[in-house]
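Here is a short report for a reader new to this structure. Take a look at the chain before reading on.

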Amino acid sequence: MANARITELVDKRTCLLEELGSLTQILHGSWVERYSVCTRKSCRCHQGERHGPRYYIVVNEAGRQRQRYVPLSQVHVALEGIEQHQRLQTLVEEITRINLELMKERSHEDA
Ligand SMILES: [Zn+2]
């Protein structure tokens, strides 16, 4: 006899995996906005009107933190990517809970 709870959990997991597969813009990093001063001494940036903002995403590459420049036209894509990474983490936690419960349910079936 099929365990209805197992069917429910597997269906739920299928939905979550589908959503996970839709997160195509994922970026794992933190957002940085920077204002800068240039080398021209006469420039107004030296009077407080600094250039910027310029946008960067700080990512981990082989254990080192790297700032990667984000072109202005890609800012919305990058911010969406950071949000998608947060959603990814939530999905992984939900799938973990389901898989743990499935192990428990299935161990009952074997008994
Ligand atoms: Zn300047």
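Two strands pair if DSSP finds at least two bridges between them. Strands themselves are DSSP runs of E, at least two residues long, numbered from the N terminus. With that in hand, serine 36 stands opposite histidine 51 in β2. The model is predicted.

## Overall build

The protein has 2 helices and 3 strands. Read from the N terminus, the order of elements is α-β-β-β-α. The radius of gyration is 23 Å, while the globule rule gives 13 Å for 111 residues. That value is well over the rule, so the protein is more spread out than a compact globule.

Buried residues make up 3% of the 111 residues. Among contacts with a separation of 6 or more, 57% join residues 24 or more positions apart.

## Two domains

The domain assignment gives two entries. Domain 1 takes in 1-23 + 87-111. Domain 2 covers 34-78. Their C-alpha centres lie 42 Å apart.

## The sheet

The 3 strands form an open sheet in the order β1-β2-β3, and the pairing is antiparallel. β1 (30-36) and β3 (64-70) stand at the edges. Each has a single partner strand, so one side of each is left without a neighbour in the sheet. From one strand to the next, the twist averages 35°.

Strands of a sheet pair through backbone hydrogen bonds, either parallel or antiparallel.

## Strand by strand

Start with β1 and β2. These strands run antiparallel, and 6 bridges join them.

Now take β2 and β3. β2 spans residues 51-61. It is joined to β3 by 7 bridges, and the two run antiparallel. Two opposite pairs can be picked out here. Valine 58 stands opposite glutamine 67 in β3. Valine 59 stands opposite arginine 66 in β3.

In a regular strand the side chains alternate between the two faces of the sheet.

## The hairpin turn

What do β2 and β3 form? They form a hairpin, with 2 residues between the strands. Alanine 62 is in the turn. Its phi is positive, at about 50°.

Notes:
Residues numbered from 1 in each chain as written. Predicted model: local features only at pLDDT ≥ 70, side-chain atom pairs only at ≥ 80, totals over all residues. Helix = DSSP H or I, 4+ residues; strand = E, 2+ residues; numbered from the N terminus. Axes fitted to C-alpha atoms, helices over the stretch in contact; angles between N-to-C directions. Domains from an automatic or database assignment. Rg over C-alpha atoms; globule rule 2.2 N^0.38 Å. Buried ≥ 20, exposed ≤ 12 C-beta atoms within 10 Å, placed from the backbone. Contact = placed C-beta atoms within 7 Å.
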